[in-house]
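Here is a short report for a reader who is new to this structure.

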Amino acid sequence: MVGSQEIDGSAANGGTQRTRTIVVAGQSSNRTREVLRTLRGFSTVIWPKSLEAALEWTGAADVACLVIADDLREEPVDEFLREARELHRNLPIFVITDPDDVAEAVSAMRNGATAVIEIPPSYAALREEIARALQ
Amino acid sequence: MKDLPQTVFVVDDDDAVRDSLRLLLKSAGLSCESYASGPEFLTAYDPSQPGCLVLDVRMPGMSGLEMQHELNLRGATIPVIFITGHGDIPMAVEAMQHGAFDFLQKPFRDQELLDRVQRALARDTEYRARLRHTDRIRERLATLSPREREVLDLVTQGKANKMVAGDLGVSQRTVEIHRAHVMQKMEAGSLAELVRMMMAVAPRP
């Protein structure tokens, strides 16, 4: 996994269940990383720089969802979302964004995001969204 | 069948907002009907009327989001543009997750709203055309005999006449006759067209 970083929440799961992977595009804030680390049953792969690499990684069988982190706002996120949605029709995709940017949230939803979560993301919000999307 | 003219429905409890939106929409040559509340609109709304809906989020009684929920329960497909002066991300996400066409925060530029209304009207036109197309296909499907329907299902799965004959336990000649009837009744010029028709009416996952 050249260019990626991995954090593992599987220990929190007690090792009794198969873990699924959350792919994160973007460096991601410490708070986001901390929240992701605490999600039981998931390990997380972060692609800090390459949206394309993150997109390729989402093709893996055990990927639970894709999270687009808040530090990618300068990137062509809408284009990336459309591409991701075209490639992975049923994959839950979450965008983490600035709380004031309603227009960006609407645009992300229109382009294929499953949900948009405000920074700093709370454990409850992320867990609820992921659980809902995986149902 | 010619479409009915499109109407922009405006639902907002604020008289001044309704008036200014009506003036704006009329100045752009659009037909507009306005309502002061969700229940008032729901009572008057005829789903066969093409158009789009500009809907305030925050209203006394039934909110815009509650009205969207009610429209969804009724199976309405009218594109909804939410407008609000107090929007936040969870509200926008909820509206979009439930099928809103757009979500616009006040204050907005006149042209910004007009652009979105035009896009919503275009979407409604496109959707209704697609619906008419699939309705026509379903009408044709209803004219097929049970055996013709079986042949249709198998040939559109890519099976050759010989395989279809084997599956159905009939002669290849019989399959050819049924297949010719299917093509005629479905008004299909080719197998590819027939497959496209079946894909158009297939239930979506």
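A residue counts as buried if 20 or more other C-beta atoms lie within 10 Å of its own. With 12 or fewer the residue is exposed, and in between it is partly exposed. The model described here is predicted.

## Chain A

By that rule, 39% of the 135 residues in chain A are buried. Chain A holds five helices and six strands. From the N terminus on, the order of its elements is β-β-α-β-α-β-α-β-α-β-α. Consider the contacts in chain A between residues at least 6 apart in sequence. Of these, 66% join residues at least 24 apart.

## Nonpolar cores

In soluble globular proteins, nonpolar side chains tend to be buried together. How many residues are in the largest nonpolar core here? It has 71 residues. Those that touch the most other members are A:V24, A:V116, B:I81 and B:A92. Helix α4 (residues 89-97) of chain B supplies the largest share of this core, with six residues.

Neighbours within four places in sequence are left aside here. B:I81 then contacts B:C52, B:L53, B:V54 and B:L55, among others. Its list of contacts also includes B:F101, B:D102 and B:L104. B:R116, B:V117 and B:A120 complete that list.

A second core is separate and has eight residues. B:V151, B:V155, B:A165 and B:V182 are among them.

## Where the chains meet

Which chain gives ten residues to the contact, and which gives nine? Chain B gives ten residues and chain A gives nine residues. On the side of chain B that touches chain A, α4 and β5 (102-105) each supply at least two residues. The most come from α4(B), which gives five residues. By class, this side of chain B has five nonpolar, three polar and two charged residues.

| Helix pair | Angle | Axes |
|---|---|---|
| α6(B) (residues 146-155) and α7(B) (residues 161-168) | about 130° | 10 Å apart |
| α7(B) and α8(B) (residues 172-186) | roughly 105° | within 8 Å |

Take α6(B) and α7(B), which pack at about 130°. That angle makes α6(B) oblique to α7(B). The crossing of α6(B) past α7(B) is right-handed. From α6(B), the residues B:E150, B:V151, B:L154 and B:V155 take part. They meet B:V164, B:D167 and B:L168 in α7(B). The residues of this contact are five nonpolar, no polar and two charged.

Now take α7(B) and α8(B), whose axes cross at roughly 105°. The two helices are therefore roughly perpendicular to each other. α7(B) contributes B:N161, B:K162, B:V164 and B:A165 to the contact. α8(B) contributes B:Q172, B:V175, B:E176 and B:R179. By class, these are three nonpolar, two polar and three charged residues.

B:V164 is listed in the contact of α7(B) with α6(B) and in the contact of α7(B) with α8(B).

B:E150 is found in helix α6 of chain B. Is B:E150 exposed or partly exposed? B:E150 counts as partly exposed because it has 18 C-beta neighbours inside 10 Å. B:E150 and B:D124 are 26 residues apart along the chain, and their C-alpha atoms are separated by 34 Å.

B:K106 lies in the loop between β5 and α5 of chain B. B:P107 is found in that loop too, with α5 spanning 110-142. The peptide bond that joins B:K106 and B:P107 is cis, with omega about -5°. B:K106 has 13 other C-beta atoms within 10 Å, so B:K106 is partly exposed. Not counting residues up to four places away in sequence, B:K106 touches B:I83, B:T84 and B:G85. B:K106 and B:G85 are 21 residues apart in sequence, yet 4.6 Å apart in space, C-alpha to C-alpha.

B:E187 sits in the loop between α8 and α9 (191-201) of chain B. B:E187 has 12 other C-beta atoms within 10 Å, so B:E187 is exposed.

Notes: Residues are numbered from 1 along each chain as its sequence is written. Chains are lettered from A and ligands numbered from 1 in the order in which they are written. This is a predicted model: local features need pLDDT of at least 70, side-chain atom pairs count only at pLDDT 80 or more; totals for chains, interfaces and linings use all residues. Axes are lines fitted to C-alpha atoms, for helices over the stretch in contact, and angles run from 0 to 180 degrees between N-to-C directions. Helices (H or I, at least four residues) and strands (E, at least two) are DSSP runs, numbered from the N terminus. Angles under 35 degrees count as roughly parallel, over 145 as roughly antiparallel, 65 to 115 as roughly perpendicular and the rest as oblique. A crossing is left-handed if the near helix is turned anticlockwise from the far one by less than a right angle, and right-handed if clockwise. Two residues are in contact if their C-beta atoms, placed from the backbone, lie within 7 Å. Ala, Val, Leu, Ile, Met, Phe, Trp, Tyr, Cys and Pro count as nonpolar, Asp, Glu, Lys and Arg as charged, and the others, Gly among them, as polar. A nonpolar core is a set of buried Ala, Val, Leu, Ile, Met, Phe, Trp, Tyr and Cys residues joined through C-beta atoms within 7 Å.
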